[in-house]
Amino acid sequence: MKVGVVTFPGTLDDRDAARAATYAGTEAVSLWHGDADLKGVDAVILPGGFSYGDYLRCGAISRFAPVMEKIIDAANGGMPLLGICNGFQVLCEAQLLPGALTRNHELHFLCRDQKLEITNNATAWTTSFKVGQEIVIPLKNGEGSFQCDDATLAKLEGEGRIIARYVGENPNGSRNKIAGITNERGNVVGLMPHPEHAIDTLTGPTADGLAFFTSVLSAMVK
Amino acid sequence: MAKIVVDVMLKPEILDPQGVAVSAALPRLGFNFAKSVRQGKRFEIEVDGEPTTAQLAEVEKAAEKLLANPVIETFTVRVEK
């Protein structure tokens, strides 16, 4: 199984995302933002970073990159797609996921190991978890506050589309402590914290993040 | 030459932490007039000659698609002489 990892100008975490995909037993394939070519991949990860320098709004310019047109089509056809941090911002800008990520409520850039509760294990990226499972993975962002209108929030809650919430104090002012959400179909997931930095205890706080990447493998071979 | 100006603001219900920070800084400098502050973005777009109705309609479309995110922001388009 091939997992594509997109590199935009300003992407930081593409190598860690590719490493995580490889650790999970999939083949990582580099995708370039300027190429409208998905190289036959079965799933795609939009990694973290500061694509296009976060100019205009985070993810606003990346969303129109040539590779995104192909990715949006494939995701609408059911291809698993994970957006981490800046990737989550791109997914919201592309309207593959509802809402938007805005500046952290206390304005600080946060970088910490964050406890999360997994609240949906039926998506392509979360089947290796148990509902209610608590995990610790790094959170590092300046604009991670998930915002949406009341109707959208009620819909997300009602349909069980919140896949992870922050445990303890709300780090960034996200509505209902939302750390990650999915689309109606469950193939597209956006997550603000970074599972790709927590795939083994040599380089991360835990190995809890690896399950996101093994989930997609089992989703595809099922 | 005329300019087309697009002002983008966060919707009133969206928290604006930058505006809050500015609002908190003002009284520290002795400026006590502000009840609240909200911070936005301004785009100045130069065109040749007087902007046409068609151009303004295009700018509206561009503002909707790129300059503003309608999920969290509102925008206005106007001509400045």
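B:Asp7 stands opposite B:Thr76, a residue of strand E3(B). Strands (E, at least two residues) and helices (H or I, at least four) are DSSP runs, numbered from the N terminus. This is a predicted model: local features need pLDDT of at least 70, side-chain atom pairs count only at pLDDT 80 or more, and totals for chains, interfaces and linings use all residues. Residues are numbered from 1 along each chain as its sequence is written, while chains are lettered from A and ligands numbered from 1 in the order in which they are written.

Start with the strand pair. Strand E1 of chain B covers residues 3-10 and pairs with E3(B) in the antiparallel sense, over 8 bridges. Two strands pair if DSSP finds at least two bridges between them. B:Ile4 has B:Val79 as its bridge partner in E3(B).

Now the other neighbour. E1(B) is also joined to E2(B), by 6 bridges, and these two run antiparallel. Here B:Val8 stands opposite B:Lys41 of E2(B).

The 3 strands make an open sheet, in the order E2-E1-E3, with antiparallel pairing. Strand E2 (41-46) and strand E3 (73-80) of chain B are at the edges; each has a single partner strand, so one side of each has no neighbour in the sheet. On average, neighbouring strands of this sheet are turned by 20° against each other, direction ignored. Axes behind such angles are lines fitted to C-alpha atoms, for helices over the stretch in contact; angles run from 0 to 180 degrees between N-to-C directions. In a regular strand, side chains alternate between the two faces of the sheet.

Chain B also touches its partner. In chain B, 9 residues are in contact with 13 residues of chain A. Contact means that the C-beta atoms of two residues, placed from the backbone, lie within 7 Å. Helix H1 (residues 17-28) of chain B gives the largest share of the chain B side, 3 residues. By class, that side has 7 nonpolar, 2 polar and no charged residues. Nonpolar covers Ala, Val, Leu, Ile, Met, Phe, Trp, Tyr, Cys and Pro; charged covers Asp, Glu, Lys and Arg; the others, Gly among them, are polar.
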